[in-house]
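This briefing is meant for a reader meeting the structure for the first time.

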Amino acid sequence: MVAATRGLDRGRTDQAEVDAAFRHDLARWVEVQRAAGLDFYSDGLLRWQDIFRPLVEAIGPKPHTLVRWFDTNTFFREPEFANFPSGDSNSPSPSGGWQGGGETSVPRPRVSTFPSPYMFSRAARTNLDRNRLMVELAESVLRPAIDAAVREGSELIHLEEPWLGYTGISRQDWAPLRDALEALHRNVGATLALHVYFGDAAPHLEQLRALPIDAIGVDLIETDVTALGRGWDKGLVAGVINGRQSLVESTNSIVEVAGHLADSVRPTALYLTSNSELSFLPTSVAEHKVQRLGEAASKVKQLVSV
Amino acid sequence: MSTQLDHKPLLTHEVGSLDKPGWRVKAYAGKPLSERDLEEARSWGEQLQVPDYPRLLELLRGRSFTKEQKAEIQRWSSLYALRLEESAGLDVVYDGEQQRTEMYDWAVTHANGFERRGSVRAFDNKYYSKAAVVGPISLAAPYHNAEFSYLVSVAGAELKVPVTGAYTIADWSFDERNALDTDLRESALDRRRQRKAARRDFVLQVARNLIRPNLQALIGLGARWIQVDEPGASTEPDELDLFVDSFNASVEGLDAMFSTHLCFSDYNLFFPAIERMSQCRQFAVGFANYDSRELGTSDDARPGYQVIKKFRELPYKPALGMGVLDIHTDFIESPELVRDRVLYAVKVFGDAARIHVTPDCGLRTRSWRVAYEKLHNMTAGVELARRALSL
């Protein structure tokens, strides 16, 4: 896809070749997940140029300004909102499906990834009230996309939330965040997880545990396991694979920390994943890490019962 | 000691890369050239009045190319890019990095201690290759000497050599020399401290053992202006001091004019750290990406340029290489828009001699047609500004 999309941009190939490359790479990605024995299948957001792009383009003009994605060498096009998105008839459908790229080939059960409404509202360029925007984005943009994803077999909805981890959140923003997540959680028919990464989740855990979500994701590269507390009434999405380092974790190191989390935190469900998206790694490294994640998860399942 | 070259007010220059023509890419990769490729070489050769360009066409009609012929085609590509920039009216030029693979890959390919790992997305459909450092870092061979020597022999305008900086090379690499974060049950704070210490050591090793000797080699060949490219400089906001230390370690005591290029960042982050960067005589910074496309010279009309006041206040009074072309879109800035951006900057600085005019960054993601039109309008806009300022 890298070569095909580059060729398309430069007028050296056509959309058919890009689509074929996409189908090939998606099939490979599915096979990597299958071979690793993962419990949920992702489409890898292979067609998404950034975490906001298809959602934003489905409801308005193409975004323009490039902005650095936190402390990475990756950039996103800043969503722009001159008006609130409510009432827009062009609500987006599920993760990339409207782009006609063959995502139907992704097995079930699926995990679908979307931006958290808090991050979405903070990363946008707007003069609007960001808390009201957050709730409206949840109701008018994210919820229709999530519903469509659930209809297509997603059983786990994974909301990316690096903004909270990296930048933090003001006390008065928690209530509208709760309202926004409630709009996503109500009768959704899938597990809703909010994954805080690129920062220490520990200072926010008390508030996070009170949110209307089924699971909390933490970045264990940045968060101390001892700060997670005990006896959770929610699931824990544990970021045990480092999505920003090319050295591949050992199976035993993952098993040991997972065992520790199961014994000490005692979440209602324990999900093992990477601390952030894997798009900061070359594909071969990412595939290797997924394989290792699957091996470790298999061992953990044999060893512990959560 | 970094030299200050004597330049005219509102000096214009390109920042670094240009796209590589299809004929250059395919010939080097050993792929067959199409009639379209040959026509591209012909039409640009004619438009830019590249001396003897029919010789290139003759060369490209060959079915396969020897190593020496590939090197010759790369030199042609350099000559075309140089002529494109000169033809657009730039005061200071280079070759759009036509002989390099890419700004990061070219450097690590000529360094000891690195291994390639693969490509990672930068934005949209643009990717960059990443390597991992796995051993001691050193310069395998000076890696800009050949292109610079060639360009000296053919350039009509002044040359400025773009060189990827130490911080960016380190930031875009993985460090596999130390296995950190192996036991996530250990204190996160302790692991973070270990990462930061390893990072500092890595960045400064790149500066001292790779960048500095390469700069010395260029200066030995007569390079007078070297631009240290640091698009990664503000990636980690708590490492701006490390970025400055790496720049100083790279250039301290060397006899040339040094500038640096920064882009696509919150530039407020650079202050006050760059107050210690007195060896830097010019900051080439991208602003157009953040600016309005409307005309005007008021603060409200120029939202992308509000931060330039901070550059004005730097105690060692460097020039500002002000980005006026958004390199991420095919939108062609009008001369009037360029003029107004320039006039606004001169008004803020109160000194046209400290304002240089540039694109936001290298234009390699744009076609040559778009790049040429943008650069041409940039120099036309600067002429309008000169007239308005009676320069």
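Helices (H or I, at least four residues) and strands (E, at least two) are DSSP runs, numbered from the N terminus. The model is a predicted one, and the points below are grouped by topic.

**Domains of chain A**

- The domain assignment divides chain A into domain 1, covering residues 1-36, and domain 2, covering residues 40-303.
- Taken over C-alpha atoms, the centres of domain 1 and domain 2 of chain A are separated by 24 Å, and the contact takes 13 residues from domain 1 and 16 residues from domain 2.
- On the side of domain 1 of chain A that touches domain 2 of chain A, nine residues are nonpolar, one is polar and three are charged.

**Contact of chain A with chain B**

- Chain A gives 37 residues to the contact between the two chains, and chain B gives 33 residues.
- On the side of chain A, the elements that give two or more residues are helix H1 (2-9), strand E1 (66-68), helix H9 (251-264) and helix H10 (283-303).
- The residues on this side of chain A divide into 13 nonpolar, 15 polar and nine charged.

**Helix H2 of chain B**

- The residues Asp37(B), Ala41(B), Trp44(B) and Gly45(B) of H2(B) are buried, and seen down the axis of H2(B) the buried residues fall within an arc of 105 degrees, so they line one face of the helix.
- An α-helix has 3.6 residues a turn, so residues three or four places apart point the same way.
- The face of H2(B) turned away from the buried side carries exposed residues, namely Glu35(B), Arg36(B), Glu39(B), Ser43(B) and Glu46(B).
- Among the elements of chain B that cover the buried residues of H2(B) are helix H1 (22-29), helix H3 (53-60), helix H4 (67-87) and H12.
- Just after H2(B), Gln49(B) takes a positive phi of about 55 degrees.

**Arg369 in helix H12 of chain B**

- Arg369(B) has its place in helix H12 (residues 368-389) of chain B, and Arg369(B) counts as exposed because it has 11 C-beta neighbours inside 10 Å, where the cut-off for exposed is 12 or fewer.
- Although Arg369(B) and Asp330(B) are 39 residues apart in sequence, their C-alpha atoms are 9.7 Å apart in space.

**Backbone features in loops**

- Leu45(A) is not a glycine, yet it has a positive phi of about 50 degrees; with 19 C-beta neighbours inside 10 Å, Leu45(A) counts as partly exposed.
- Phe264(B), which is not a glycine, also has a positive phi of about 50 degrees, and Phe264(B) is found in the loop between E9 and E10 of chain B.
- Phe264(B) is buried because 25 other C-beta atoms lie within 10 Å, and a residue needs 20 or more to count as buried.
- In chain A, a cis peptide bond with omega of about -5 degrees joins Arg108(A) and Pro109(A), and Pro109(A) is found in the loop between strand E3 (80-81) and strand E4 (110-115).
- In chain B, a cis peptide bond with omega of about 10 degrees joins Phe271(B) and Pro272(B), and Pro272(B) is found in the loop between strand E9 (257-262) and strand E10 (280-285).

Conventions
Residues are numbered from 1 along each chain as its sequence is written. Chains are lettered from A and ligands numbered from 1 in the order in which they are written. This is a predicted model: local features need pLDDT of at least 70, side-chain atom pairs count only at pLDDT 80 or more; totals for chains, interfaces and linings use all residues. Domain bounds come from an automatic or database domain assignment. Two residues are in contact if their C-beta atoms, placed from the backbone, lie within 7 Å. Ala, Val, Leu, Ile, Met, Phe, Trp, Tyr, Cys and Pro count as nonpolar, Asp, Glu, Lys and Arg as charged, and the others, Gly among them, as polar. The arc is that of the directions from the helix axis to the C-beta atoms.
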